[in-house]
Amino acid sequence: MHGLVNRAIERFVRDTYGRDVWIGTIHKLDLGFTEFEAMMTYEPRITEQVLTVVGTRLARGRDDLLEDIGTYLVSHPATEALRRLLRFGGVDYVDFLHSLDDLPERARLAVADLGLPGLELQDRGGGLYHLHVGLPEEHDLRLGPVVVGILRAMADDYGALALVEHQGVGADHEIIAVRLLEEGFAHGRAFALGVGGSAA
Amino acid sequence: MTEQERTLLPLLAGLCPMHAVLNAQGHVVQAGPTFAKLFGAQPALGMRFLDLIELRRPHQAEDMVTLLACAGARLRLRLRASPHTALKGVLLALPGGGAVVNLSFGFSVVEAVRDFGLTGADFAATDLTTEMLYLIEAKSAAMEASRKLNLRLQGARIAAEEQAFTDMLTGLRNRRALDHVLDRLMQSEQDFALLHLDLDFFKQVNDTLGHAAGDHVLQEVAQRLRDAVRANDLIARVGGDEFVILLLGMTERAPVRDLAERMIARLEEAVLYRAQECRISGSIGITLSCAYDSPDPARMMADADLALYAAKGLGRGCARFHEPPDKSVAPLRGIA
């Protein structure tokens, strides 16, 4: 598993619940370290173990925990860089949804070995979209709930009103339904194209 | 303007948001929305193009004639007003003496989107600018993460090396470090004096007062040796009570002998351990790299060792130089 994934879990716990909660939790695994390196690769089972102990410590089910992490990735100031990279995808929420097909490829341009699951958007008409999130081949970790968290937070970011729901797991993909109720529901957060643009 | 131009020119606004149409006098008669943004509140329409933008390459231009002379070429231009943004572009002549100019930012794009508050909608749908800005940010973020990792790894490597080259009890260098430095000195052909120091009466301290006392004495010896040499000299603990000292740049016997004798005098000052006086001394064998045609670390260590035994034989607490055998009587090896 790419270190960025483990690092994201770590930052989520640290930034949301504090350093002590993270240290106390990670010590249980006896890994010999307490910090993940974003640019190194770890065994997939370590990610699995970390999610298990974190879920137990925070009393959150696996899917709820992953969804919280997805929301954190977009909405927390510490991960502003990632929010900006996602906002490059489209000028509005629909444009952003349509850019998701390219997301794994976009991510690969930045971090060649990140290995995001494949994404495929289907426009069902009437503001309903189905997003298929591919199941990874090299590990059992389902990332669909993370995507749910990201899609909900990005709707807020764009100021769109949308219902995002995990609909289950198929043979080789998870299905997420996005029902767009109102595109210009609220003023979203600002996004300036320039590097270091206002973080609003 | 011909009928055809009247039909086609408006299409340019959608395809090339940073274009301008110039009339035969070189005045802007039509401008794309992004072109207009470059001049803020000042309307570009009706202005002389060359008053707004300076042509820098392939040559300067003062009027429409010189401007049209570089039709079709890659142009490098610059805004006349602050922030003097660099631009690239191309100019194509229109029938009737006018021209169409299309501009883009090139490498100035990162500053330009900030300076002019541009958004994705300010670029043509086919333009790769947004993708490029995305890549710049994504790569910068990835590079920053890599750079931090590199710094941490480098710190860890230095700490590990430091540990691998350090004698933990005394904080002096160890045998590995000594070999390393000797190799380096050989490669860089630097001269130095090699002193082999063996403590005298240390065993008695260990036997009568215990290992803790012995360790304390060794730490005190290390401090006294450090005080005696210069910062770039090297002191290594190579055995229980054996040390090797490299004095860099030393080619004369007299100052080395003085230093060795001062060291021995310092070692003979009593060390206090739990109100007990521990008394030791030291014997030193010395050899100079400049005494060899081509110095070899193993040979020099062996020679310093021989000199050390000679010093011990002379009753301890003294320093001896290795005496090379008289070349006329070679190959007999010996010590004076």
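These legends walk through several close-up views of a predicted model. Local features are kept at pLDDT of at least 70 and side-chain atom pairs at pLDDT 80 or more, while totals for chains, interfaces and linings use all residues; side-chain values rest on heavy atoms, without hydrogens or water. Residues count from 1 along each chain as its sequence is written, and chains are lettered from A in the order in which they are written.

**View 1. Chain B as a whole.**
Chain B has eleven helices and 13 strands; these are DSSP runs numbered from the N terminus, with helices being H or I of at least four residues and strands E of at least two. Of its 336 residues, 42% are buried (buried is under 20% relative accessible area, exposed is over 50%, and partly exposed is in between, with a 1.4 Å probe and protein chains only). Its accessible surface is about 17900 Å², with 55% of that from carbon and sulfur atoms (Shrake-Rupley method, 1.4 Å probe; for residues, only the protein chains shown count as cover).

**View 2. Where chain B meets chain A.**
Here 20 residues of chain B are in contact with 15 residues of chain A, contact being heavy atoms within 4.5 Å. About 1800 Å² is buried between the two chains, and carbon and sulfur atoms give 68% of it (buried area is the accessible area, 1.4 Å probe, that two parts lose on being put together, summed over both). On the chain B side, Tyr134(B), Glu137(B) and Leu149(B) lose the most area to chain A, together 37% of what that side buries.

**View 3. A salt bridge between the chains.**
There are two salt bridges between chain B and chain A, a salt bridge being a side-chain nitrogen of Lys or Arg within 4 Å of a carboxyl oxygen of Asp or Glu. One pair to look for is Arg84(A) with Glu137(B), whose closest N and O atoms are 2.6 Å apart. Arg84(A) sits in helix α5 (residues 80-87) of chain A and Glu137(B) in helix α6 of chain B, so the pair joins two chains. Both Arg84(A) and Glu137(B) are buried.

**View 4**
Glu144(B) pairs with Lys148(B) in a salt bridge, with the closest N and O atoms 4.0 Å apart. The two are about one helical turn from each other because they are four residues apart in helix α6 of chain B. Glu144(B) is partly exposed at 31% relative accessibility, and Lys148(B) is partly exposed too, at 42%.

**View 5. Helix to helix in chain A.**
Arg62(A) and Glu48(A) join their side chains in a salt bridge (3.0 Å, N to O). This pair links distant parts of the chain, with Arg62(A) in helix α4 (residues 62-75) and Glu48(A) in helix α3, 14 residues apart. Arg62(A) is partly exposed at 28% relative accessibility, as is Glu48(A) with 31%.

**View 6. Around Asp198(B).**
Asp198(B) lies in strand β7 (residues 192-200) of chain B and is buried, at 13% relative accessible area. Its side chain makes a polar contact with the side chain of Lys312(B) at 2.6 Å (a polar contact is a pair of N or O atoms within 3.5 Å; within protein, one must be able to donate a hydrogen and the other to accept it, and residues adjacent in sequence count only if both atoms are side-chain atoms). Beyond its neighbours within four places in sequence, Asp198(B) has contacts including Asp241(B), Ser281(B) and Leu308(B).
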